[in-house]
2 protein chains.
Amino acid sequence: MSDLQAQILELGRRARNASRLLARAPTTQKNAALLAMADEMVAAQTEIIAANARDLTLAQANGLATAMLDRLRIDEKRLHKMADDVRAVAALPDPVGRVLREWSHPNGMRHTKLSVPLGVIGIIYESRPNVTSDAASLCLKTGNAVILRGGSESLQSNLAIAAALSRGLAKAGLPAEAIQLIPVADRDAVKHLCAMDQFVDLIMPRGGRGLIETVVSHARMPVIKHYDGICILYVDREADLAMAEAIAFNAKCQRPSVCNAIETVLVHRDVASQFLAKTGRALLERGVQLRVDDASRAALGSLAARSATLVSTAQPADYRTEFLDLILAVKVVGSIDEALEHIAANGSHHSDAIITANAVTAERFLAEVDSATVYWNASTRFTDGGEFGFGAEIGISTDKLHARGPMGLEELTTYKYVMRGTGQVRS
Amino acid sequence: MSDLQAQILELGRRARNASRLLARAPTTQKNAALLAMADEMVAAQTEIIAANARDLTLAQANGLATAMLDRLRIDEKRLHKMADDVRAVAALPDPVGRVLREWSHPNGMRHTKLSVPLGVIGIIYESRPNVTSDAASLCLKTGNAVILRGGSESLQSNLAIAAALSRGLAKAGLPAEAIQLIPVADRDAVKHLCAMDQFVDLIMPRGGRGLIETVVSHARMPVIKHYDGICILYVDREADLAMAEAIAFNAKCQRPSVCNAIETVLVHRDVASQFLAKTGRALLERGVQLRVDDASRAALGSLAARSATLVSTAQPADYRTEFLDLILAVKVVGSIDEALEHIAANGSHHSDAIITANAVTAERFLAEVDSATVYWNASTRFTDGGEFGFGAEIGISTDKLHARGPMGLEELTTYKYVMRGTGQVRS
C-alpha cells in the first residue's frame, strides 16, 4: 500500500467514525455548528485570503485564463457571501428523522420507515473554492460526514476554508473530522477515494467530463452525476410562436454557461420559416452563433446570408455538444416523432421542453422524453434547486437511481426500517 | 470489438428500444402480458422440462451436489407454481404513474414529481431457474425492460422459460425484446453487460460474493446488492429472557439458509449465564454449533463440556461469517456500547435486533445501528418483502442509495419532474 493510499484510507476511517456521531446530533447542535462554521470563516478572513493569494499567484504563473482566475479569487465580499450561505443552511428544515411511512404488521409489530443520513459523502469538484463551504454545510445539515476533493489550483484556499469549518464544528461539540479535505494535489488520491467503499457511501463528482469519467470508471460505491446538459427545445407546429421565441431566447441567452441552458432547437417544418425569421433574427442580433441544417438555413432565408459569420452548417456532433456558450444548434423536423427520436438519440436526459398549444402533443412529449425534467411551455432554465423551492442545491443528477434532477437536502438522506415488536417471531 | 461484446451491445440496444415502448404501456396491457406469459410457460411445459433435463444431465456429469441439483430441477408442479407467481404479479398495483408530489412555482408553473420506470435493468443470478420468470415479471409490471443472466448450469432451462415469456409479451402486443436472456455461458458476457451504461440503468447481482465483487468492480451503472446477511441479535441485561430465547431460536433455526437469519448472538454479561444455560441448551438440542468466546463458554458451564462436539472456540472471522447453516457465534459483552461497536465492526448492515425491556436502551440501539432494518423485541426473520406487505420482492439491499432493505415494485421505479407552464421564462 502506498503512503498516499494509507493516508486516504485513514481519512475515510475518520470520516466513518465522525459520521456515526454526526448521525445522532440533534438539529439544534448541527445548526449551532453551521453558525460557528460561518463565524470561523469570517474570523479566518486574513488567512483564507492570503492562502487564496498563493493559489492565484501559482495559477497565474501556470497561465490560467482570466475568467478562471476570477472564479478562483476570494475577496472580503465573496468570503462574507460564503459565510452567509452557510448561515442560510442553518435556517433550512432538517430532513433527518422524518417518518416517511408507518404501518403495522398483521402480528402487531410496528414498521417505521425513517429518514437517516447517508453516512460519508465524497465530493470531487473543480475550481471555485466556495463549493468547499457550500458542500460541507449541506452535508453537515443532513448529518453526513464529507470528504472534499477540490481542484489543485484552489488547494491552499480550500485547506484554509476547511480548517475554519472544522474549528466551527469543534466549537459546537461535533467531530472536526466530519469535514475533511484531501490535502494533496496528487491525482491518484481520487482513485484511492473511489476504491474505499467500506468508508464512503456516495461520490458526487462535479466538473468536466474527464473528471466524471475517471470517477465512474473507478468508483465501487454509488456515483451521482451529470455528464452534460444538452437541453433541447422543440417548437411544435401548434406552438404559440411569440411564446416559443421568448422561451428560446431565455433558455439560450439568459445564462449560456449553465447546464440547464438549451443547446439545440428543433422546429416543426410547418412553422420553421415563420419561427426562424423572427427568433433567428433576435438570436443573431444577440450574437448567438447558429449551427443549422439545410432546412433551417432555407427557413432563415436572407438572414442566413446576411449573418454569414454567425451561421454555419451543423455537423452531427453539434447536436451532441454542450456548448455552454452563445451557440445554438438548429434543426427542422417533420413531426413530433422525429423530435422524440432526435432527443432520445442526442439529448443528455437533463431538461427538455416542448412549446405547443396542443395538450395531447404536449402530454405525449412529457411522457416519452426520458429526462429528469420535462417542460411544456416553459424555459428549461428552471431546473434548479432554488427554483424548485428546495432551499439549497447540492447538484443536478441525470442518473435515475436515488436522485434525479435538482438535488436538495432530502436527496442527501436515505432511510432505514425501524421495527418495534413485543416478541414477534416468524412462523 | 469481440463478437460477444457486439452481441451483448445489440441486446442492450434492443432492450433500450423496448423499454421506451414499455414505459408507456397501460397497466391493463402489462397485466394482460403477465397472464399471457404465465399461459405460455404452461403451454411450453414439455419443452421447458426437456430443456431442464438437459441442464440436469450436464450438472450431474459435472458433479453438482444433490441439494444444488434439487434447486435446479423443474417438474410440472414447480412450473405451475412459477406460472402462478407470474399471475400473482398481475394482481399487484402498478407503481408507475403515481404523483409523488405536486406544487406550484410562485410564477404559476406546475411541478409534478411523477413515478416512472427505471428503463433497462440487468439481473445476474445463480442457480434456481424460477428467478427467470420471477424477475422478468416484476420488471415487466414496473415498465422496465430486463436483461437476464442466469447461472450456466441452468442455461437451457432459462432459455426455454425466457422464450415462453417473450411469446407472452408479443401476444399482448408488447415488444418481445423487453425480456431477453444472455444466451451464452461465457463469463465475459457479464463484463460487457456491466460496461454498457448507455443501455442499462441498473444492475442487480444476486448470488455469491465472487459474482457480486465482479459486478461491483466492472459496473459503470448503479448496482444494488447485498454481499452478506451477518445479522446480529443483542440480548440486553434488561431483556425478557424467555422472549430472547424464542427470538434467538426463531432467528437462527427457523430457516438458517437465508440472509435474514442471525449469525451472532451478543449477550450482556449480567444475564449471560442465565440466558445461555437455557437458550444454549435449546440450540444445542436442535443441533446448532456454537462458536463461543471464553466468557460465553464459562456462562454455558457444564453444557459446553457435555456438548463438546458442538461447542468450539470462536475465531475473529466467525463473527464476520455468514454461516447460512445451524452455526451461531456467541459473545459476551459488557455494555450496549460494546454491542454497538461489535455490530459496527462486524455486521453487514442488513438486519440487527435488540431484546430489552428498557425503551431508552432500545431507542439508542435503533438509532445507532446503521443497518437497513433494525428490530426491538422481534426476530430479524421479518426482513422480507412479503412480511413488509410489499406483495413481491425483487431483492434485499444493504446499500443506502435508492433502495435499502427489502425491495418491492416501487423500488424498481424512479421519478421525473413534469413541468407545465404558460410561457414562463427565468428572470
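Student: Which strands of chain B does helix α11 (residues 269-285) lie across?

Tutor: This is a predicted model. In it, α11 of chain B lies across β7, β8 (262-268), β9 (289-292) and β11 (327-333) of chain B. The helix runs at about 145° to β8(B).

Student: What is the strand order of the open sheet of 10 strands?

Tutor: Strands of a sheet pair through backbone hydrogen bonds, either parallel or antiparallel. Here the order is β1(A)-β2(A)-β16(A)-β13(B)-β12(B)-β7(B)-β8(B)-β11(B)-β9(B)-β10(B), and the pairing is mixed. β1 (99-104) of chain A and β10 (311-313) of chain B stand at the edges; each has a single partner strand, so one side of each lacks a neighbour in the sheet. From one strand to the next, the twist averages 20°.

Student: In what sense do strands β7 and β12 of chain B pair, and over how many bridges?

Tutor: β7 (residues 231-235) and β12 (residues 351-355) of chain B pair in the parallel sense, over 4 bridges. For a position to look at, V235(B) stands opposite I355(B) in β12(B).

Student: At what angle do helices α2 and α5 of chain B pack?

Tutor: Helix α2 (residues 27-43) and helix α5 (residues 76-90) of chain B pack at about 175°, with their axes 8 Å apart. Angles over 145 degrees count as roughly antiparallel, so α2(B) is roughly antiparallel to α5(B).

Student: Which residues make that contact?

Tutor: From α2(B), they include L34(B), L35(B) and M41(B). From α5(B), L79(B), M82(B) and V86(B) are among them. The residues of the contact divide into 12 nonpolar, 2 polar and 1 charged.

Notes:
Residues are numbered from 1 along each chain as its sequence is written. Chains are lettered from A and ligands numbered from 1 in the order in which they are written. This is a predicted model: local features need pLDDT of at least 70, side-chain atom pairs count only at pLDDT 80 or more; totals for chains, interfaces and linings use all residues. Two strands pair if DSSP finds at least two bridges between them. Helices (H or I, at least four residues) and strands (E, at least two) are DSSP runs, numbered from the N terminus. Axes are lines fitted to C-alpha atoms, for helices over the stretch in contact, and angles run from 0 to 180 degrees between N-to-C directions. Two residues are in contact if their C-beta atoms, placed from the backbone, lie within 7 Å. Angles under 35 degrees count as roughly parallel, over 145 as roughly antiparallel, 65 to 115 as roughly perpendicular and the rest as oblique. Ala, Val, Leu, Ile, Met, Phe, Trp, Tyr, Cys and Pro count as nonpolar, Asp, Glu, Lys and Arg as charged, and the others, Gly among them, as polar.
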